[in-house]
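Please read the following briefing alongside the sequence and the coordinates.

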Amino acid sequence: MGKSYPIVSEEYKKAVEKAKRKLRGFIAEKKCAPLMLRIAWHSAGTYDVTTKTGGPFGTMRHKAEQGHAANRGLDIAVRLLEPIKEQFPILSYADFYQLAGVVAVEVTGGPEIPFHPGREDKPEPPVEGRLPDATKGPDHLRDVFTKHMGLTDQDIVVLSGGHTLGSCHKDRSGFDGPWTAYPLIFDNSFFQELLSGEKEGLLQLPSDKALLHDPVFRPLVEKYAADEDAFFADYAESHLKLSELGFAEA
């Protein structure tokens, strides 16, 4: 399905570029790229293709959505971002949170992801329970990503590779530790670690391991472990799709 992006003013475009520069410096200084990627993903990942509800429309600013079990800790992201957002009142929260996710990937060495502004803020958060459950397997992943979000098997594997950034925290997800040895570098090591088996000090979620036992998912894991360029190219595409669910639908 094609996209029909809204036209935004020159002033708005300038604000996006300036906010991007501010975010680059801030995320690098605070070493908070994983948290910024998480707020972008969790904002967008609530989209439901059937009801056209949820999605990347700024609702994470509401305490109600921050209070969803899957979003534990994202109140910190909202709080960290607010002083920068206040400098750019022209920008929607919807655009701003997605811009933070794009910058988080870029400043950690990942691919550049195209960014199209013009998302409008929705007044109400989506219902709880739409985000993936890390304790479940391939059927659940397809239910969340394919049936509800309208994404593909390839998107599922590629976006799982975003776990190359950051760590789990016991108080937020019940899991603990980083996926890779360098959790502030965006690369293909998530896939390499997944294929090499469990290691002390590194994390593999049940939903990660599920990728190895599915006949469609596993060849993609092997492909991205062997070819970082292919992973980066496909990641940029999948991240763009996720960040624009329900936005600018032609």
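**Briefing on the predicted model**

Leaving out residues up to four places away in sequence, Thr59 touches Glu65, Lys122, Glu124, Pro125 and Pro126, where contact means heavy atoms within 4.5 Å. The model is a predicted one, in which local features need pLDDT of at least 70 and side-chain atom pairs count only at pLDDT 80 or more, while totals for chains, interfaces and linings use all residues. Residues are numbered from 1 along each chain as its sequence is written, and side-chain values use heavy atoms, with hydrogens and water left out.

**Thr59**

- Thr59 lies in the loop between α2 and α3 (63–66), with helices (H or I, at least four residues) and strands (E, at least two) taken as DSSP runs numbered from the N terminus.
- Thr59 counts as buried because its relative accessible area is 4%, given that buried means under 20%, exposed over 50% and partly exposed in between, with a 1.4 Å probe and protein chains only.

**The chain as a whole**

- The chain holds twelve helices and two strands, and from the N terminus on its elements run α-α-α-α-α-α-α-β-α-β-α-α-α-α.
- The radius of gyration of the chain is 17 Å, close to the 18 Å that the globule rule gives for 250 residues, so the chain is as compact as a globular protein of that length; the radius is taken over C-alpha atoms, and the rule is 2.2 Å times the number of residues to the power 0.38.
- Along its principal axes, the C-alpha trace of the chain spans about 50 × 40 × 35 Å, and 51% of the 250 residues count as buried.
- Among contacts in the chain with a separation of 6 or more, 72% come from residues 24 or more positions apart.

- Helix α2 (residues 33–44) has twelve residues and reaches 17 Å from its first C-alpha to its last, close to the expected 16 Å, the expected span being 1.5 Å times one less than the number of residues.
- Ten of the twelve residues of α2 are buried, including Leu35, Ile39, Trp41 and His42.
- Helix α5 (residues 93–107) has 15 residues and reaches 21 Å from its first C-alpha to its last, close to the 21 Å expected.
- In α5, 13 of the 15 residues are buried, and just after this helix Gly109 takes a positive phi of about 95°.

**The largest pocket**

- About 1,200 Å³ of space lies in the largest pocket, and of the 49 residues that line this pocket, the closest to its centre are Arg38, His42, Ala70, His163 and Trp179.
- On a 1 Å grid over the protein atoms alone, a pocket is an open set of points where a 1.4 Å probe fits, with protein on both sides within 12 Å along at least five of seven lines, and lining residues have an atom within 4 Å of a point.
- Grid points are joined across faces, edges and corners, and the volume is the space filled by probe spheres set on the points.
- The largest share of the lining of the largest pocket, six residues, comes from α2.

**His169**

- His169 lies in the loop between β1 (167–168) and α8 (170–173), and His169 counts as partly exposed because its relative accessibility is 34%.
- Leaving aside neighbours within four places in sequence, His169 is in contact with Gly174, Phe175 and Asp176.
- The C-alpha atoms of His169 and Gly73, which are 96 residues apart along the chain, are separated by 9.1 Å.
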